[in-house]
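This report is meant for someone who is looking at the protein for the first time. Please keep the sequence and the model at hand while reading.

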Amino acid sequence: MHFFILLALFLFTNCSDTKHKEKKVETIEKKQFLPEKNEVDVMVLKNGVFKKEIVSNGKLVALQKNDLKFELTEILEKIHVSNGDYVKKGQTLATLKAFTYQQALTKAEINLKKTELEFQDKLIGRGYESFKEDSIPKKEYNMLAIRSGYKDALHELENAQFNLKAVKLKAPFNGKVANIKSKQYEQINAGEAIITLINDAVFEIEFYLIESEVGEISTNTKIEMQPFALNKIYEGRVVTINPLVEKDGTILVKAKVKNDGNLMEGMNVKVRIQKDVTNQFVVPKEAVILRQNQEVLFTLKSGKTYWTYIQTTNENSSEYTVIPHPDKSSASLKPGDTIIISGNLNLAHDTKVIIKQ
């Protein structure tokens, strides 16, 4: 008896599971055949202002940049600065050993006093009581000054004073120190560059444009500049356009930009110049797709898609300006048209769509 009851329960359970599975499969199959919903984003077409862009790559160049050199040959006694230091005009950057030049100055001063006495003796011998130059005939004064050695002594003193002053290398302008090439106690040769000084308050941007693009700009045209190494945009102005076309058909343009402290000499940058073009149909680039190798826009009317052939006339990094294709009689665009701008890659003509909420 128990056996028959267990068998009946088993058969009932198995039958219920089978019906449940069949119902589940049927539900899955029904879901697979549900109609696909095409959801799109749209915009209303209107006449607007298009930001035409000219893009180029360039490099930052300091307005003032000098390789500083000693005019003497001597041992380097001390460097007072390090790379990256900001210095002011007249600040001492490095010094040479001054002993030899200090001795030469002392000797020149003693020699001048000797020759000055000799010069005065000659003037007294000529009957002059005053030693002032303006009280003696110029010709005679010069003759006696040369014969006494006074002129030579003055010249030697001036040279000695200049050389002693030249043992100090001073900044000719405000700027940052770079490229220190020598070390303390090294032999420095006259005319050998040991420090580079860069005035980085304002930079020039050097970049090239093709001939057809140069007509779009002029001096004082605003530019945007972004260093490849920084996620920041700077504004500047065109200052010069070189009136010479290079061999590759490009023209050198220079603009100025202020440094906020993050820009450095030699940085590679991207330059963008924008110009407003009015009364244009402007659409995002994503709105334009290709059908049969033709540029197409999808418009939306009564919940259905209609494609129209167009031509793009201008472009920047994110937008096109468009017009109806002049060779297609069916092409039409007018203000107020609803343009599909996303979800259009797999659309066809006369497809039902839903606008995303």
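## Helix 2 and helix 3

In this predicted model, Phe119, Lys122 and Leu123 of helix 2 meet Tyr141, Leu144, Ala145 and Arg147 of helix 3, where contact means heavy atoms within 4.5 Å. By class, this contact has five nonpolar, no polar and two charged residues; Ala, Val, Leu, Ile, Met, Phe, Trp, Tyr, Cys and Pro count as nonpolar, Asp, Glu, Lys and Arg as charged, and the others, Gly among them, as polar.

The axes of helix 2 and helix 3 (residues 138-147) come within 9 Å and cross at roughly 135 degrees, with axes being lines fitted to C-alpha atoms, for helices over the stretch in contact, and angles running from 0 to 180 degrees between N-to-C directions. Helix 2 is therefore oblique to helix 3, since angles under 35 degrees count as roughly parallel, over 145 as roughly antiparallel, 65 to 115 as roughly perpendicular and the rest as oblique. The crossing of helix 2 past helix 3 is right-handed, a term used if the near helix is turned clockwise from the far one by less than a right angle, while anticlockwise gives a left-handed crossing.

## Helix 2 and helix 4

Helix 2 (residues 99-125) also packs with helix 4 (residues 150-165), their axes coming within 8 Å and crossing at roughly 160 degrees. The two helices are therefore roughly antiparallel to each other, and helix 2 passes helix 4 in a left-handed crossing.

Among the residues that make this contact are Tyr101, Leu105, Leu112 and Phe119 from helix 2, together with Tyr150, Leu154, Leu157 and Leu164 from helix 4. By class, the contact of helix 2 with helix 4 has 12 nonpolar, five polar and three charged residues.

## The protein as a whole

The protein has five helices and 19 strands, which are DSSP runs numbered from the N terminus (helices: H or I, at least four residues; strands: E, at least two). Of its 357 residues, 33% count as buried, where buried means under 20% relative accessible area, exposed over 50% and partly exposed in between (1.4 Å probe, protein chains only).

Among contacts between residues at least 6 apart in sequence, 72% join residues at least 24 apart. The accessible surface comes to about 23,000 Å², of which 51% belongs to carbon and sulfur atoms, the areas being computed by the Shrake-Rupley method with a 1.4 Å probe and, for residues, with only the protein chains shown counting as cover.

## Lysine 270 in strand 13

Lysine 270 is found in strand 13 (residues 268-284) and is partly exposed, with a relative accessible area of 37%. Leaving aside neighbours within four places in sequence, lysine 270 is in contact with Val55, Ser56, Asn57, Glu224, Met225, Gln226 and Phe228. Lysine 270 and phenylalanine 207 are 63 residues apart in sequence and 9.0 Å apart in space, C-alpha to C-alpha.

## Two loop residues with positive phi

Tyrosine 185, in the loop between strand 7 (175-178) and strand 8 (187-188), has a phi near 75 degrees, a positive value in a residue other than glycine. Tyrosine 185 counts as exposed, at 56% relative accessibility.

Asparagine 293, in the loop between strand 14 (289-291) and strand 15 (294-301), has a positive phi near 60 degrees. Asparagine 293 is exposed, with a relative accessible area of 73%.

## Basis of the values

Because the model is predicted, local features need pLDDT of at least 70 and side-chain atom pairs count only at pLDDT 80 or more, whereas totals for chains, interfaces and linings use all residues. Residues are numbered from 1 along each chain as its sequence is written, and side-chain values use heavy atoms, with hydrogens and water left out.
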